[in-house]
Amino acid sequence: MPTTPKGSLTVTLDGTNRTTTLPLLGGTIGPEVADIRRLYSDLGVFTYDIGYGGTAATESRITYIDGDEGILLYRGYPIEQLAENSNFLEVSYLLLYGELPNAAQMAEFTHGVTNHTMLHEQIRRFFEGFRRDAHPMAVMCGVVGALSAFYHENLDTSDPRQREIAAFRLIAKVPTIAAWAYKYRVGQPLMYPRNDLGYAENFLYMLNAVPTEPWKSNPVLSKAMDLIMILHADHEQNASTSTVRLIGSTGANPYAAVAGGIAALWGPAHGGANEAVLKMLAEIGTPENIPDFIAQVKDKGSHTKLMGFGHRVYKNFDPRAKIMKETCHAVLAELGIKNDPTLAMAMEMERIALEDDYFVSRKLYPNVDFYSGIILKAMGIPTEMFTVLFAVARTVGWVSQWKEMIEDPAQRIGRPRQIYTGEAPRDYAPLDTRG
Ligand code: SDX
């Protein structure tokens with residue numbers, strides 16, 4: 001539903017008679033927003049919000065998060081219900097088009113994605129340009145960004161059909177690029193996608209199969225991978241999605257925009273946290289060392305973060321972390337892994353942290369990354385591929401948000417302002433006059 005007027009906000013500059021009244025707008029649910037677009041022209045002042053913690057950069061109908069209640073909705077559907085009843089391609093359709101597909105729409109969408117998974121054969125050569133030990137996220141940034149070099153006829157973002165084709169290509173080809181980045185790293189043959197497999201199953205096939213023997217699908221692992229992808233598919237205006245929107249707002253093509261999103265996701269404060277959680281748990285070593293690590297985290301001077309904890313929006317449990325934790329137990333049980341030491345460490349870490357006022361008072365709870373790495377490790381996914389998997393799943397969210405932005409008649413190039421605290425105007429000093 002469109003925004004609705006909810007009243008107004010009057011702003012007066014203290015000590016002057018300068019005042020303005022700004023519209024207060026409401027959406028379907030969630031906080032109202034003060035529309036400040038006139039503030040600068042009326043009062044000559046900017047707003048200041050480092051990290052945009054209290055700033056709505058856009059109107060969106062895709063995902064809603066209630067950080068206090070720990071609620072996450074994709075197009076109005078609770079993440080718990082989608083995790084229980086849906087699958088990643090159906091969720092992808094929902095995020096892209098706004099409604100759950102009927103049988104015919106699902107069949108057509110599945111066919112469209114499945115039949116776009118192959119890469120142009122020359123793209124194979126891109127991988128050979130990287131060192132074998134290159135981080136797979138570096139390869140993802142490079143190869144996804146280069147996709148636009150193969151689709152010159154499909155870069156007109158004003159054409160709805162070309163936008164849709166680009167969306168299909170990105171959703172379908174990013175898993176192949178991701179799997180090939182891994183295979184290149186380990187020196188194994190690149191495995192071509194198979195059209196007879198499901199989306200998550202095909203990704204596991206391309207990651208794990210070798211040409212020398214038949215590959216046996218594991219339905220439990222495919223289902224777990226599909227669920228992990230659902231949980232990572234979209235998340236409102238997070239750093240990487242905002243990056244994709246900002247790049248797309250200039251008219252740059254969607255392949256370049258998604259490559260920018262991959263770069264943003266790589267950071268340990270964002271999607272790189274799942275890899276960082278495993279490294280943190282490995283460095284701590286044993287549950288006995290957890291109290292010392294917690295003490296280090298609480299010592300600001302150590303600049304140590306409890307990775308996988310905290311969130312800009314969630315000030316309650318991240319609902320995805322709860323589902324991930326339950327899935328952990330199911331996957332480990334299916335794999336016959338009893339008493340996984342990493343899971344035991346994580347659960348003890350969570351118990352200790354949630355009893356410690358430092359974390360409780362700051363409303364720091366486990367986020368999506370705290371348990372995801374443990375499942376992925378148990379599934380045999382290498383640690384350096386965790387954030388790559390996050391990027392594979394988030395591609396549909398980035399593309400959906402990019403498409404929504406392009407189709408928004410109100411959208412304009414993103415161009416934040418600043419508060420300048422540098423030097424006041426001064427004259428050039430010739431070299432021989434400088435000290
Ligand atoms: C993702 O935005 C999204 O939606 C992202 C994401 C998605 O799906 O797209 O959900 C995916 O990125 C999840 C987050 C993964 N990152 C991590 O797990 C890294 C560890 N977390 C922190 O770096 C941090 O919590 C952030 C980056 C996630 C959030 O940073 P904020 O918003 O700047 O943190 P805050 O304002 O809530 O912090 C409040 C206080 C501060 O201390 P004080 O100044 O009040 O003394 O809590 C401290 C922070 O220093 N704090 C932590 C902490 N996170 C915040 N202290 C220790 N360990 C932490 N993890």
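**Strand order, salt bridges and ligand shell**

Colleague: In what order do the strands of the open sheet that includes β5 lie?

Modeller: Strands are DSSP runs of E of at least two residues and helices are runs of H or I of at least four, both numbered from the N terminus. Two strands pair if DSSP finds at least two bridges between them. This open sheet has 3 strands with antiparallel pairing, in the order β4-β5-β6.

Colleague: Which strands stand at the edges of that sheet?

Modeller: An edge strand here has a single partner strand, so one of its sides is left without a neighbour in the sheet. The strands in that position are β4 (63–66) and β6 (77–78).

Colleague: What kind of model is this, and which pLDDT limits apply?

Modeller: Residues are numbered from 1 along each chain as its sequence is written, and side-chain values use heavy atoms, with hydrogens and water left out. The model is predicted; totals for chains, interfaces and linings use all residues, whereas local features need pLDDT of at least 70 and side-chain atom pairs count only at pLDDT 80 or more.

Colleague: Which residue in the turn between β4 and β5 has a positive phi?

Modeller: β4 and β5 pair in the antiparallel sense over 4 bridges, and Ile65 has Leu72 in β5 as its bridge partner. The hairpin they form has 4 residues between the strands, and the positive phi, about 65°, belongs to Gly70.

Colleague: How many residues lie between the strands in the hairpin of β5 and β6?

Modeller: Strand β5 (residues 71–74) pairs with β6 in the antiparallel sense over 2 bridges. Leu73 stands opposite Pro78 in β6. In the hairpin, Arg75 takes a positive phi near 50°, and the number of residues between the strands is 2.

Colleague: Over how many bridges do β1 and β2 pair?

Modeller: Thr4 stands opposite Gly26 in β2. The hairpin of β1 and β2 has 6 residues between the strands, with Gly15 at a positive phi near 80°. The pairing is antiparallel, and the number of bridges is 7.

Colleague: How many salt bridges does the model contain?

Modeller: A salt bridge is a side-chain nitrogen of Lys or Arg within 4 Å of a carboxyl oxygen of Asp or Glu. One network of them links Arg61, Arg245 and Glu404. By this rule the count is 17.

Colleague: How many residues apart in the chain are Arg185 and Glu384?

Modeller: Their salt bridge has its closest N and O atoms 3.0 Å apart. It links distant parts of the chain, with Arg185 in helix α7 (residues 160–186), Glu384 in the loop between α17 (368–378) and α18 (386–406), and a separation in residues of 199.

Colleague: Is Glu384 buried or exposed?

Modeller: Buried means under 20% relative accessible area, exposed over 50%, and partly exposed in between (1.4 Å probe, protein chains only). Glu384 has a relative accessible area of 18%, so its class is buried.

Colleague: Which helix holds both Arg351 and Glu348?

Modeller: These residues form a salt bridge with the closest N and O atoms 2.6 Å apart. Arg351 is partly exposed at 39% relative accessibility, and Glu348 is partly exposed at 24%. About one helical turn separates them, because they are 3 residues apart in helix α15.

Colleague: What share of the ligand's exposed area does the protein bury?

Modeller: Oxygen atoms of the ligand lie 2.6 Å from a side-chain N or O atom of Arg312, 2.7 Å from a polar side-chain atom of Arg320 and 2.8 Å from a side-chain N or O atom of Arg394. Taken alone, the ligand exposes 1,100 Å² (Shrake-Rupley method, 1.4 Å probe), of which the protein buries 76%.

Technical notes. Polar contact = N/O pair within 3.5 Å; in protein donor to acceptor, adjacent residues only side chain to side chain.
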